[in-house]
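Here's a walk through the model, from its core out to its sheets and hairpins. Have the sequence and the structure open as you read.

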Amino acid sequence: MADVSKTPNAGAEARTLTKSGNLLEATDLKVTFRAPGGRKLHAVDTISIGVKPRETVGLVGESGSGKSTVALTLMRAHEPESGQIIFDGLDITHLSERELLPIRRKLQVVFQDPYSSLDPRMTVRRIVAEPLKAHRYGNRSVINDRVDELLEQVGLPPDAAQRLPAQFSGGQRQRIAIARSLALEPMALIADEPVSALDVSIQAQIVNLLRGLQDRLNIAFLVIAHDLALVHQICDRIVVMYLGEAVEEGSADDVVGRPQHPYTVALLSATPVPVVGGDAERILLTGDPPSPIHRPTGCRFHPRCPIVQERCKTDKPPLVEFAPGRKVSCFYAGQMDPPRDLWAHEKEPLPESPED
Amino acid sequence: MSIVEEVAPSASPVPETGERVLRVNDLVVEFPRPDRSGFRAVNGVDIELRRGETLGIVGESGSGKTMIALSLLGIVPLPGKIIEGTISLRGRRIDNLPPREIRKVRGNDIGIVFQDPMTGLNPVRTVGSQLMESALRHNNLSRREAEERAFKALDDVGIPAARERLKAYPHELSGGLRQRVMIALALINHPSVIVADEPTTALDATIQAQILDLFRLRLARSTMILITHDLGVAAEICDRIAVMYAGRIVETGTIEDVLSNPRHPYTVGLLAAVPKFDVRRPKLVPIPGQPPTADDVVRGCAFSPRCSFATPECEERPLLEDRGGRPVACWHPRGSGV
C-alpha cells in the first residue's frame, strides 16, 4: 500500500495503518447470499468501518441486521461481493487461504457460545496450545509455558490446563476461548456477542477482563452485540446497523446520548433498564424488520419509522458525515428526542458497589 | 412464611384486598445424585400471589426459577420431583393431582407462555386449530363458538388481521407475532394465573418492547408469575419480585423497594453488574466466583463464598425473614431498613 504509515509505538510488533489511521478497515463491503428461487439475500450492503489500534468499535443491530456477517466477512469466512478489506496495511480481500495464514495469527475471533466453540474432548491445555502449534510457535516446553501464562492472564487457575471444558462454567469457558484467541498475540480481536450467553454477574467479569487485556496488550477490538447498554459500556465508537446497512455512527457517548437516526432512538428506548419509572415514554416501532430478500424501497427503515415522510418511501438517504466521525443516514435526522438523559447521573452519586 | 403479608400495604401498588389466588408453601424440588443426597433445585420456596398482581421471580441460570414454573404446571422433568411442600390454586391443592387432573388445570386455569414460541406451538398445525383445540378441550363450545373465541384471543393480543391469521402456520409468522400467539393461547380460557417463563428473552429489542407493552397495557390486571433473568424486564411489568439464588428466595419486596434499596448482597451485586447508560461509564462490578453447581454441597448461606460481607456467622444459613421492613435472607443486609 502506498498510503500507509508505520507506527513505532505499537507494542512488540509494529502496526501498519491506513491513511485514516485504521488497523482494520473495510470499505464499501457488500455481501450477498443466494436465497431459494434464485433471489438475492442482501446481508451486508455497502458498509465501511474502521478500527484503530487500541480502539473498541461496537457493531450494533438486531437479528438479521448483518452484523455477524460483517464479522465473518472480515475474518474472510464469507466472500464479499464487492468492497475491500485492509488489515495491517495489507489488502486481504482476495488472499488465498495460504496467504491468509500469517494474517489469521494477527486477527483473532471470540464467538458467542463457549459451549460449542471448544472441543469437548480436548484438555484446556490442548485447546489453548492448538493455535500455537499450528503457527509453529516453539517447542513443547515453550508452548507449555505460553499456555500457563495465558491461563493466568485470563484469570484461570494453573490446574485448569489438565481439565476438560465440561468441567467449567460458561464464564470460565469464555475465559478459555479468550486465552486461545490471545495465544498468538493478535493485533486485533473480533468478538461476536462475547458475553450474551453468560449470566449478568459473569458478564461483568468477562467485560472487565477484555478491557484490561486491551489496555495491557494493545489490541484493537471489534465487538458485535445487540445490547446497546453493554456496547456503550465497553466501546469507544458505535456503528448501528439496520437491514445490512449502517444507519448511524459516532462516539459511544454521542450515539447513545445524542442519537440522530429514528432507529437508534427507538433501539435505545426499547432497552429495559432496572429502574422503576425511570424512563420516558417508550417509542414503539410497529412490525418487524423486513426481509433482506425483499427490501423496502427508499429508506430501508421507512415502513417502521415513527417520523416517516413521503420522500422516505422513494428516496434512499445517504450516510452523511455531519460532524467529524459522526454519520447518519436519515433525511430527518435529529428530529426525535433521545429517550434518556445520558448525563442525568452526574447529579447523583454512583450506586453502591460491593467493593465500597 | 408468606411474601405478601410482609410487604407494607402502603408500599404496594396492588390492593392488598386482592383474593389470594396461588400459594406455594415450602416447595422443594429434588434431583437424585449418584453418590449422596439429592440436589435441591428448589429448596424451600414460599410464594403467595393475589388477584391482579404480577410477581417476578428473578435469578440467573441454575437458580431454580424455571423449576418453580415447571412445578406449578406439574411438568418437573424426571428424575426430578417435588419432594416437599404444597401448591394451591384458588384453595385447591394441585401438586398432588394425577396427570389426568393436572391436564385440566394446565392451559385452562393456568396459562403458560414459554420463552421460545417455536417449541411452544405445534409447527404442523395452524394457529387457529391450536387455539380452538384448547378452547374446545376445556369448555363446552361449538366449533363456531371456539373459532370466535380464537379470533377474539388473537385480536386481543394485538395481532392485525386476526381472522386471516387463524389459517397461518407458526412458521409463517414473525417471532414477535408467534409470541403473541403464545400469549393468546395462554389467555384463551381466561386462566386464574399466567405463568410466563422468559417471555421476551428470545426476541430482538424492538420486538421485546412491543411484547412488554402488551404485558403492561393489556395484561396489567392479570394475575401472573413472570420468570426472568432480566431485572430491566422485571422493572417494566412486575409489582413485586422475589430474587432467587441457589434454589432459595434471598430477597423479596415491591419492585420499587428492591431496585431502589436492594438489601441482599447478591441483589446489590446483580444491579452493580448490569451496564447502565451513564457517560462516566463506572466500571462494571462483577460478582466474583461462580454460583454453586448441582455437584456442590452448600453449607450455610449459599452466596457467602462470593460475598464480600461474609463473616463466620454466614456458615449458619440466614432465613428469609423481616430485616428492617422487608424479607431478606442475610445476616448483613445492605441498604437501609425502614
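## The nonpolar core

Start inside: the largest nonpolar core has 196 residues. By nonpolar core we mean buried Ala, Val, Leu, Ile, Met, Phe, Trp, Tyr and Cys residues joined through C-beta atoms within 7 Å. Buried means that 20 or more other C-beta atoms lie within 10 Å of a residue's own; 12 or fewer makes it exposed, anything in between partly exposed, and the C-beta atoms are placed from the backbone. The residues with the most contacts inside this core are A:Val240, B:Ala184, B:Val193, B:Ile225 and B:Val243. Helix H7 of chain B (residues 175–187) supplies the largest share, eight residues. Domain 1 (4–109 + 193–211 + 220–328) and domain 2 (117–190) of chain B each put in at least three residues.

A quick word on the ground rules: this is a predicted model, where local features need pLDDT of at least 70 and side-chain atom pairs count only at pLDDT 80 or more, while totals for chains, interfaces and linings use all residues. Residues are numbered from 1 along each chain as its sequence is written, and chains are lettered from A and ligands numbered from 1 in the order in which they are written. Helices (H or I, at least four residues) and strands (E, at least two) are DSSP runs, numbered from the N terminus.

Zoom in on B:Val243. Leaving aside residues up to four places away in sequence, B:Val243 touches B:Val58, B:Gly59, B:Ile249, B:Val250, B:Glu251, B:Val258, B:His264, B:Tyr266 and B:Thr267. Contact here means C-beta atoms, placed from the backbone, within 7 Å.

## Where A meets B

Across the chain boundary, 43 residues of chain A are in contact with 47 residues of chain B. On chain A's side, the elements giving two or more residues are helices H6 (200–217), H7 (228–234), H8 (252–257) and H9 (262–270). H6(A) gives the largest share, seven residues. Sorted by class, chain A's side has 21 nonpolar, 14 polar and eight charged residues. For that sorting, Ala, Val, Leu, Ile, Met, Phe, Trp, Tyr, Cys and Pro are nonpolar, Asp, Glu, Lys and Arg are charged, and the others, Gly among them, are polar.

H9(A) is mostly covered, with nine of its nine residues buried. Among them are A:Tyr263, A:Val265 and A:Leu268. The cover includes H7, strand E11 (237–242), strand E12 (245–251) and H8 of chain A, together with H8 of chain B.

## Two domains in chain B

The centres of domains 1 and 2 of chain B, taken over C-alpha atoms, are 29 Å apart; the domain bounds come from an automatic or database domain assignment. Their contact takes nine residues from domain 1 and seven residues from domain 2. On the domain 1 side, helix H8 of chain B (residues 205–218) gives the most, three residues. That side has six nonpolar, three polar and no charged residues.

## The four-stranded sheets

In chain A, four strands make an open antiparallel sheet in the order E4-E3-E6-E7, where strands pair if DSSP finds at least two bridges between them. E4 (39–51) and E7 (90–91) of chain A are the edge strands, each pairing on one side only. Helix H1 of chain A (residues 67–74) packs on the sheet, touching E3, E4 and E6, with its direction at about 115 degrees to that of E3(A). Such angles run from 0 to 180 degrees between N-to-C directions, with axes fitted to C-alpha atoms, for helices over the stretch in contact. E3 (residues 24–35) and E6 (residues 82–87) of chain A are joined by five bridges, and A:Lys30 stands opposite A:Ser82.

Chain B also has an open sheet of four strands with antiparallel pairing, in the order E2-E1-E4-E5. E2 (39–50) and E5 (92–93) of chain B each have a single partner strand, so one side of each is left without a neighbour in the sheet. E1 (residues 20–31) of chain B pairs with E2(B) over nine bridges, with B:Phe31 and B:Phe39 as bridge partners. Helix H1 of chain B (residues 65–73) lies across E1, E2 and E4 (81–89), at about 65 degrees to E2(B).

## A hairpin in chain A

E12(A) is largely enclosed by the rest of the structure, because six of its seven residues are buried. Six bridges join E11(A) to E12(A) in the antiparallel sense, and A:Arg237 has A:Ser251 as its bridge partner. The hairpin has two residues between the strands, and A:Leu243 takes a positive phi near 50 degrees. E12(A) also runs antiparallel to E14 (residues 326–328) of chain A, through two bridges; there A:Glu248 stands opposite A:Val328.

Definitions and conventions. Contact = placed C-beta atoms within 7 Å.
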